[in-house]
Amino acid sequence: MASPVSEYHSSSLDSRITSTGRNSLKMELLADVSLLPGEDRITDQEIIYMCPFNGAVKGKVLITNYRLYFKSSDTEVPLALDVPLGVISRVEKMGGASSRGENSYGLDITCKDMRNLRFALKQEGHSRRGIFEMIFRYAFPLSHSLPLFAYVNQEKYTENGWLVYKAMEEFRRQGLPNNKWRITFINKSYDLCDTYPTVLAVPFKSKEDDLRKVAAFRSRGRIPVLSWIHRENQAVIVRCSQPLVGMSGKRNKDDERYLDLIREANDTTKKLTIYDARPNVNAVANKATGGGYEGDEYLNAELVFLDIQNIHVMRESLKKLKDIVYPNVEESHWLSSLESTHWLEHIKLVLSGAIQVADKVSSGNSVLVHCSDGWDRTAQLTSLAMLMLDSHYRTLRGFQVLIEKEWISFGHKFASRIGHGDKNHADQDRSPIFVQFIDCVWQMTKQFPTAFEFNEHLLLTILDHLYSCRFGTFLYNCESIRDQQELRSKTVSLWSLVNSKMDIYLNPFYTPESGQVLYPVASMRHLELWVTYYIRWNPRIRHQQQSPVEQRYKELLALREEYLKKLEQLQLSDSSSPYQLANSTTPNTTSSTASTPSQQYTHLQTPF
Amino acid sequence: MEHIRLPKVENVRLLNRVSPKRSRVGTLYLTATHSIFVESEAGGRSETWVLHSLVCSVDKQAASASGCPLLIRCKNFQILHFSIPREQDCQDVHLSLQRLSQPQRYEELYCFSYKPNVDEEERRRDWAFVDLKADFSRMGLPNAQWKLSPVNQQYKVSDTYPAELFVPDSAAPPVLVGSSKFRSRGRFPALSYYSKENHAAICRSSQPLSGFSARCLEDEQMLEAILRSNPRSDFMYVVDTRPKLNAIANRAAGKGYENEDNYSNIKFQFMGIENIHVMRNSQQKMLEVCELRSPSMSDFLEGLESSGWLKHIKAVLDTGVFIAKAVAEGISVLVHCSDGWDRTAQVCSVACVLLDPYYRTLKGLMVLIEKDWVSFGHKFTQRCNHLAGDPKEVSPIVDQFLECVWQLMEQFPCAFEYNENLLITVHSHIYSCQFGNFIGNNQQERRELRVHEKTHSLWSYLWTNRAEFINPLYRQNHSQSQGLLRPSTAPYCFKFWRGLYNRFDRGMHPRQSVEDYLRVIREETQQLEEQLDSHKQKIAELKQEQGWSDAHRAAAFDQSSTARALGKNLALANTPQDYTGSLLASTPGAVDGLLVLAPQDPDQTADPNLSNGSDPESGIADVSCRSPLSEDSARDPDPDSDEAAYSAA
């Protein structure tokens, strides 16, 4: 199975030199591309890639129904591009048949992953018409009544990623249902809320009828339901959308009572803390469109605004960031340029919001989190807080569960935010909310390098396939549509790929410690720009296949293993002989892989 | 002692800048060398030691109901905020500390009273630990082109230069003397680094006294001689590290820069590194940003940018890269600034780090600092404010060098044998005056002060404790450990050095360090290797005793040979270090100024020579924050963390 991930992901872009034994005649230039099962060649053509770092590079481009592949024919500049068409947000023609100047006639491709690609063609004979149409067609299949590539993909994996998350199993892992919380199937045909999953956890004392009444008072029927429960103190994280208060300040007794039921389900919660992710002004403004926030009529509750900006602000912020890092990184005023994007400021606010949620819950206080619709900022806050609180989500599989649960099943609008297969690049619904979440996770892994079972490569892989459309994982806005499109039976899950080759996503420093709550420092002195993601296309970024720290640690681990084995052997051969070595207490080899270095360390004693 | 107006104040509060609730009450003692704050709380009694020579400023602030605040800023970026109940006491402590932290005479400096448990012979041997002659012979000198010149033996030609200098063989003494007369402070061009492989050299000097048109035949001959000592190159660079405007301004004072027309085959280049005053102000501004309690994104990034600090670091590194590249291409370089002891020292030493892997080893860094900074006369006394003097002469020039090395370490994590902790420790001791190395401005002064007879050397002390300073990622055979380093100097590659400037804000540091994990496992591996060896030895002994059968012997031989091969691999993979005895000595902190003291009687704690060689310099007793595996490291949202998120909301 080819692994396109490593081919087009960061380090190898622009530098992949094919080592296939075949001759490298021009005809054969594209012979080394290994296509995915189900991937078909559409067209290929001589073209010039206008590389922002190396200048014009002659070569050949191959378009399939999945990717754009370019390979330079110039042996001086061994360069290859492997771009899934799903990454493309916009294709434009530049120059006309009569444009002057070298390489002024061609294509300009804007990508969703912080880069642009420009190609130049010969001006005679409408040479770009065919390729433009093909890219346009296959990059935006939904605008051309074609299926997304995920539905054509025939890849087979040993693991089935669709089995990673089962709502009931996850509730059981959390210890649910219990005498305070029950599982309801009221939404099994999505008629309570079409953007929620079918299985929900609600207060034990709530009636199905109450839920329907509450749904009428919450934006899009997204009622407060349980996301996570603290095993020891039974405090919970509950998520929902904004209440439909409106200008007139409507009240809803059922909603008020329901929130009180949530509070009562935990003995130590005197006041239910409601985190409204929005800035106060935005929440007020939402009243004009029928929304709003919980007022004083909610007794036994306190409301906190977390000041996180909306999707439009985030989109513009990332756009500004792209402007200062691609193709060239801003030189003269790097820090103030970075500041003017506000990207890190937004990261800081999201992280500190999550820290507050986590802190409240771990001190035995139930919380309710919402924003406007409860599928963007709310997903960020609940999932990050859960990542801080529950070490299970910091494992490779646990992290997949977290994404499946808080993002995918609870209806983060991936299709609208990413625009899979849609030509409408200027859609106001686009926003890098999920990228921002992954960035926050990355910031946490930087601060707690031993707390996460997965490594940066997993995060990069997830972001690459957020756009690629090779897997079904991030397609569509909610579960009801996924069912309708038979997504899980017709496409492959990203987790199939990941779990079939887990070792490349593992962090060698991982030291499992359950019950640890992680509180990252959301300080400007600690947050850094994720250079290896946002600036990864720049060849000046020092690409390391594997971080030297990781590599060295792995080497040492292997060496230790070898020594332990050696020692054991010596002892075996020794005990089989009549001459016993005095005091030989060999370290316990079986525990070596599982235990932390420190634990291991204490076991070791030089026997002589 | 006569400066201590008040040896002891009770009920002093040591305020916690971040969370006032965490302030501690205790007794403040003033001794001849340290201020010591002893927490009076039973049980968790901790001590904070501050060396007087590390105190940068003492400010008494307006008294309030709760007491009279006293703010102590240290040269190692520690800030202590005391509150003293009685204003009169505060006044006395203030005046005492002001005097104690600003000695008038060299003899008052701590190094002359610092007496660790080292016998005289060892102390003398320690001073020989770093030997510059050995470094020059490592470079292959003297040789046919370069010789050791006795011209400055009595410091007659240049009183700020060392006695022993390498100069081109073809430069006769009259040329040297003539050239020295045409250079500021007589600092004529002398060799700083020589590349054995391609014969290119880095020479350093001060500016020529060229004014608007003056010439000097000997100086021209001198440069010619340097050029000719590198036969494979037909030109050489003259790098003036100053901005062009500054150099031009100097011409009016009869100084200036080389005129390309007067010297044969030189390429002249300005580099634009700012002067000591700009650097001092820049660091001041940056430190103000560091002190912000909970800066917003714009406060921090814009404050950092407008301080210009990282821009200056970039200018120094850029110049170092320029010089290193030239030398790597076989072209000799003469470097100067105005006097040739600030910017010149910076860029020559940075270029050396880039060029020669040796200077990326622990011993190599010591040699480098001794060579380009100590022996070539960087004015430590003024720049580091060791003695009360002109505040305009103070400047963080050597800080910038250490930071350049740190920035390189961030880009090349496997290239350096030493770690960040070493840089921080060296930084701290440059200012602490605990060791004799950085006392006085030049060799002549040090001889007169008899520094080598009366004080201890930092280098052997660091070497003894080297387990703390080794970068576990370093490998001699790694590509980064070889040849020229080619760093990227794009602005986004320069990071803020939290580890130094916010060193004492413990809430601000990551609570898990991968490096510690690496160290632990490396030690384990080493232990296992030893275990293996001793097993093998034992087996061999037993075999000899019992007279094993041939078959047995053959089998055993097999095994041990593979094991030996393994051992070799390890030796390759690691720098072979002598770890005997220090395997378990992983107590962090003792060296870098953090000291944990078990409660003991005050008499004993007041004694500055605590234990063999450990450094009772200063610091908050706290080791837990440095241990990667400490239980509480992540459990509670560290209330110390000044920016612990909720304050952000």
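This is a predicted model: local features need pLDDT of at least 70, side-chain atom pairs count only at pLDDT 80 or more; totals for chains, interfaces and linings use all residues.
**View 1. A:Cys371, a position that UniProt lists under "active site" in an unreviewed entry.** A:Cys371 sits in the loop between strand 14 (367-370) and helix 10 (377-389) of chain A. Is A:Cys371 buried or exposed? Its relative accessible area is 2%, and buried means under 20%, so A:Cys371 is buried. Setting aside residues up to four places away in sequence, A:Cys371 touches A:Cys240, A:Ser241, A:Gln242, A:Asp276, A:Ala277, A:Arg278, A:Asp376, A:Arg377 and A:Thr378.

**View 2. B:Cys337, listed by UniProt for "active site" in an unreviewed entry.** Now we move to chain B. Look for B:Cys337 in the loop between strand 14 (333-336) and helix 10 (343-355) of chain B. B:Cys337 is buried, with a relative accessible area of 2%. Which residues is B:Cys337 in contact with, leaving aside its neighbours within four places in sequence? They are B:Ser205, B:Gln207, B:Asp240, B:Thr241, B:Arg242, B:Asp342, B:Arg343 and B:Thr344.

**View 3. An aromatic pair, A:Phe452 and A:Phe454, and the cluster that holds both.** Over all chains, the structure has 51 aromatic pairs. One of them joins A:Phe452 and A:Phe454, with 5.5 Å from centre to centre and 65 degrees between the planes, an edge-to-face arrangement. Both A:Phe452 and A:Phe454 are buried. These two rings belong to one aromatic cluster, together with A:Phe399, A:Trp407, A:Phe414, A:Phe434, A:Phe437, A:Phe474 and A:Trp495.

**View 4. B:Phe77 and B:Tyr501, an aromatic pair in chain B.** The ring centres of B:Phe77 and B:Tyr501 are 5.0 Å apart. Their planes meet at 65 degrees, and planes over 60 degrees apart count as edge-to-face, so that is the name for this pair. Where in chain B do the two partners lie? B:Phe77 is in the loop between strand 6 (68-74) and strand 7 (79-84), while B:Tyr501 is in helix 18 (residues 498-501), so the pair ties together parts that are 424 residues apart in sequence. B:Phe77 is buried, with a relative accessible area of 12%, and B:Tyr501 is buried too, at 2%.

**View 5. Charged side chains over aromatic rings in chain A.** Here A:Lys93 lies over the face of A:Phe132, 4.6 Å from the ring centre. Elsewhere in chain A, A:Arg173 lies over the face of A:Tyr393, at 5.1 Å from the ring centre.

View 6. In soluble globular proteins, nonpolar side chains tend to be buried together. Take A:Phe434: beyond its neighbours within four places in sequence, A:Phe434 is in contact with A:Ile403, A:Trp407, A:His412, A:Phe414, A:Ile462, A:Leu463, A:Leu466 and A:Phe474.

**View 7. Stretches of chain A where the pLDDT is under 50.** Averaged over chain A, the pLDDT is 88, and 88% of the residues score at least 70. Residues 1-27 of chain A stay under 50, and the model has 66 contacts for them beyond four places in sequence. Residues 578-608 of chain A are also below 50, with 65 contacts in the model beyond near neighbours in sequence.

Notes: Residues are numbered from 1 along each chain as its sequence is written. Chains are lettered from A and ligands numbered from 1 in the order in which they are written. Side-chain values use heavy atoms; hydrogens and water are left out. Rings of Phe, Tyr and Trp (its six-membered ring) pair if their centres lie within 6.5 Å; planes under 30 degrees apart count as stacked, over 60 as edge-to-face and the rest as tilted. Buried means under 20% relative accessible area, exposed over 50%, partly exposed in between (1.4 Å probe, protein chains only). Helices (H or I, at least four residues) and strands (E, at least two) are DSSP runs, numbered from the N terminus. A charge sits over a ring if NZ of Lys or CZ of Arg is within 6 Å of the ring centre and within 35 degrees of the ring normal. UniProt positions are given in the numbering used here, feature names are shortened, and annotations may be inferred rather than shown by experiment. Contact means heavy atoms within 4.5 Å. pLDDT is the predictor's confidence in each residue, from 0 to 100.
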